Amino acid sequence: MPRTLIVIPAYNEEQSLPAVLKELAEQTPEYDVLVVSDGSADRTSELAREAGVHVAELPFNLGIGGALRTGFTFAVRGGYDQAVQFDADGQHDPLAVAKLLAPLADGADMVIGSRFAQGGAVTYEVSGIRRRAMKLLQRLVRRLVGQDFTDTSSGFRAFSRPMLDFFAVTYPVEYMDSVEALVLACNAGFHVTEVPVNMRGRTGGAPSNRRLRLVYYYVRLLVVLVVSTTSRREQARRHELRHTVDDTGGNE
Amino acid sequence: MSAAAHVLVIVLAAAVIAFIVVLVRSRRLRAKYSVLWFSIGLGLAVLAIFPDLLVWVSDRFGIDYPPATFMLLALSFLLVLVLHFSWELSRLEDRTRTLAEEYALLRLQLEERLPETSDGDAA
């Protein structure tokens, strides 16, 4: 039985987090849980501690990428074999985690839970602008990596140990990290696949996107994707970085 | 250029250089920047003392209005400098981020090792 860590990045999620942790504890007690409080100003980390899970508390807000990277580093140092990225807002179903983990046993490095793959379902509204942006991203990703993903921005993902080793250092820290991470993993030669999952509406908190900001972030992401992921030197740098960290524990 | 203007430019250049020296001596400017700013101060001084240099350079490049040459150089320099600062800032952000991550993980480790002191007032 591989050791599995559920990583939950949480930024001011006191509304929904306790229910999520309770559900995880009841339905999937075999997994360890780490909540990364991303500079939360509310009782997020306090409630997580009360629930008895591991809690890493970032001193200020790093964005979801930084929170995830913290979680991946924890998983690597804690000797976990695999990890799952899980939302604090109640969108993800604990019972779907096993389904997400299954392809890892067959050699996948990263598994994406897709709302739009055959057999998946969305039980909440996706706004028009968002849908169009998602389509655009899907096409762009297909062009960049030559593989089709139906839900590039899904935050429900499973990672193998080699993937964790890689992402503990290289995980993108800009907003829209999930798409960039996907392209990064594919380009670095990791085996990425997707499985259909159901996602529910949020139980608390608001979607973090305002319309204009969303457009800005999409534009920024396009620039980052096209420039950085097609740069061989950048990839070489990341590899080098990875080895430096392996050798010296993070010193430059 | 009138004699008065000439003196004024020289005084200004000297003031800039003096200010740079003060900053470097009091260690408020890192060495790598002090070299940069000293070169700039030196350039200013040379131009202040020999303003005809600017005219000569402008002639060589076919620029009719010598102050435009100065503006071009100044703007290029500032552009490069701002770009450099952006780069430096990105690097600093990366390092701060890594520190924050390490801090969170170390604190987690510490709290789990000392459960009785971790709740509430440890923060």
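So, which domains is chain B divided into? Domain 1 covers 1-50 and domain 2 covers 64-117, with bounds that come from an automatic or database domain assignment. Taken over C-alpha atoms, the centres of domain 1 of chain B and domain 2 of chain B are separated by 27 Å.

Quick housekeeping before I go on. This is a predicted model, where local features need pLDDT of at least 70, side-chain atom pairs count only at pLDDT 80 or more, and totals for chains, interfaces and linings use all residues. Residues are numbered from 1 along each chain as its sequence is written, while chains are lettered from A and ligands numbered from 1 in the order in which they are written.

OK, chain A. Chain A has nine helices and nine strands; those are DSSP runs numbered from the N terminus, helices being H or I with at least four residues and strands E with at least two. Of its 252 residues, 45% are buried. Buried here means 20 or more other C-beta atoms within 10 Å of the residue's own, exposed means 12 or fewer, and partly exposed is in between, with C-beta atoms placed from the backbone. Looking at contacts in chain A with a separation of 6 or more, 78% come from residues 24 or more positions apart. A contact, by the way, is two residues whose C-beta atoms, placed from the backbone, lie within 7 Å.

Let me pick out a couple of residues there. A:Glu46 sits in helix H2 (residues 44-50) of chain A. Buried or exposed, or something in between, for A:Glu46? It has 17 other C-beta atoms within 10 Å, so A:Glu46 is partly exposed. A:Glu46 is eleven residues from A:Glu57 in sequence, and 9.9 Å from it in space, C-alpha to C-alpha. A:Asn187 belongs to helix H7 (residues 177-187) of chain A, and A:Asn187 also counts as partly exposed because it has 17 C-beta neighbours inside 10 Å. From A:Asn187 to A:Arg132 is 55 residues in sequence and 25 Å in space, C-alpha to C-alpha.

Now back to chain B, and helix H4. H4(B) has 48 residues and reaches 70 Å from its first C-alpha to its last, close to the 70 Å expected at 1.5 Å a residue; that expected span is 1.5 Å times one less than the number of residues. H4(B) is hardly covered, with three buried residues among its 48. Which ones are buried in H4(B)? They are B:Glu101, B:Ala104 and B:Leu105. The buried residues of H4(B) pack against strand E3 (54-58) and helix H3 (64-77) of chain A. As a reminder on helix geometry, an α-helix has 3.6 residues a turn, so residues three or four places apart point the same way.

Elsewhere in H4 of chain B we find B:Ala74, which counts as exposed because it has 12 C-beta neighbours inside 10 Å. B:Ala74 and B:Gly41 are 33 residues apart along the chain, with 12 Å between their C-alpha atoms.

H4 has a neighbour in its own chain, too. The axes of H3 (residues 52-60) of chain B and H4 (residues 66-113) of chain B come within 8 Å and cross at roughly 90 degrees. On the H3(B) side the contact is made by B:Leu54, B:Val55, B:Val57 and B:Ser58, and on the H4(B) side by B:Pro66, B:Thr69 and B:Phe70. Those axes are lines fitted to C-alpha atoms, for helices over the stretch in contact, with angles from 0 to 180 degrees between N-to-C directions.

Last, the interface: eight residues of chain B are in contact with 14 residues of chain A. On the chain B side, they divide into five nonpolar, no polar and three charged. Nonpolar is Ala, Val, Leu, Ile, Met, Phe, Trp, Tyr, Cys and Pro, charged is Asp, Glu, Lys and Arg, and polar is the others, Gly among them.
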